[in-house]
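Me: I have a few questions about how the terms are applied to this structure. Here it is.

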Amino acid sequence: MLFCYPATAIGENWLHDAATAIIDNAFAAYIAGNIPLAWSSAIPAKHREALKRKTGLKKHYIEICRCIAALEKDDQELARRVFFSQNAIPGVFDGITPSWRISDFPGEVGQAILDLFSYCFDKLSKWTNPGSSKKIRDDYYANIYNGLSGHYCPFCGIDRFDAPHPDMPRHHLDHYMPISIYPSAGVNLRNLLPMCARCNSSFKEAQDVLRDTEGNRRVCLDPFVASDVKISLARSNLLDGASPSAHWEIDFIPPLPAFETWDAVFQVRFRYRESILNAEAGSWLEEFVVWAIDAKIDFTSKDEVATALGRYRDVCTFKIFMDQNFLRAPFFSALKDKCENSPDGNLVFSWVQSAAQIFAEIPYGEAALP
């Protein structure tokens, strides 16, 4: 991830807390050999008034009680451990902390829990927060939007988030840990992330961020903690001979396993290469040349061109999430380094000069060419 979601946006995670407490009351009662509490008594006192008349939620509670009652005590205890393991956030992101899947629930409990939390997830866009006229989902999105330093999807940095206006269609609210696999986290705001449509529907879909395609545990990023990732294009072959034909090598700095999970799930390297670098690098160079001409850069001096590339990189770094600057800055950093230090330095210099000739009549003497 290029940047994190604001942790302050989570606020009171009350529906998750209430639903979790209701289910745990049922587990605790059956494991102790008792009859579970009646519906209204099972609801935590602070949320009783808001939920006691929610007949749909009551129906799911009764079904969960039936499924727990059908289990032997050992399986009841196992089901309870599975239930709580799915909300051990952020611990489960470390690739080691146990987090069992829906298939690990004994009997019919897993399906009943999935049904309850799917019901609650639907109600996020219908029920309001206590003391507020805003729907839970809309309130949460507004807090996310207002807390982001740039209003871009944190998983790709490409697509913008729309303002939280009542007439604006809602952005996708993704289950980072899929509800179909980890249903107990189905309305945990710590697991619910506004995401652009491309990231959610075209790339992530229902992938399990905690496990790879072989089912092996893996480290993944915590969306609410800054990852401090930097992108480097230093290993890219920016020129093939004398023509501007690049072979992009995109590295994440530092090279952490969590960044590789991010790439595997969201295909960010592929998207950056095909949709941004191949499509936009030429126009970025043209914009640099226009800027350099206005700054009266001497295009006959390789040293001055290299210095100008560094200055322009710094300009791009200033607002790193605007206009794909998170890739522009590494692009110009790589150009500067290759111009100064690589065997292809003269080719890079020549390439910049050729671009400059398109925009201005610059007197190149034969001695000035590499």
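Me: What is the average pLDDT of the chain, and what share of the residues score at least 70?
Reply: This is a predicted model. The chain averages a pLDDT of 91, and 94% of the residues score at least 70.

Me: What makes residues 362–370 a stretch to treat with caution?
Reply: Over residues 362–370 pLDDT stays under 50, although the model has 17 contacts beyond four places in sequence for them. Where pLDDT is low, predicted coordinates should not be read in detail.

Me: Why are E1 and E2 called paired?
Reply: Pairing takes at least two bridges. Strand E1 (residues 172–175) is joined to E2 by 4 bridges, so the two count as paired, and they run antiparallel. His172 stands opposite Met195 in E2.

Me: Which way do the residues of strand E2 point?
Reply: Leu192 and Pro194 point one way, Leu193 and Met195 the other way. All are buried, which means under 20% relative accessible area for each.

Me: How do you know that H11 has close to the expected span?
Reply: Helix H11 (residues 302–318) has 17 residues.

Me: Which residues touch the most other members of the largest nonpolar core?
Reply: Phe155, Trp262, Tyr272 and Phe288 do, in a core of 116 residues. Helix H10 (residues 268–294) gives the most to this core, with 10 residues.

Me: What is Phe288 in contact with, beyond four places in sequence?
Reply: Phe288 is in contact with Val305, Ala308, Leu309, Tyr312, Phe332 and Val352.

Terms used: Residues are numbered from 1 along each chain as its sequence is written. This is a predicted model: local features need pLDDT of at least 70, side-chain atom pairs count only at pLDDT 80 or more; totals for chains, interfaces and linings use all residues. Side-chain values use heavy atoms; hydrogens and water are left out. Buried means under 20% relative accessible area, exposed over 50%, partly exposed in between (1.4 Å probe, protein chains only). pLDDT is the predictor's confidence in each residue, from 0 to 100. Contact means heavy atoms within 4.5 Å. A nonpolar core is a set of buried Ala, Val, Leu, Ile, Met, Phe, Trp, Tyr and Cys residues joined through side-chain atoms within 4.5 Å. The expected span of a helix is 1.5 Å times one less than its number of residues.
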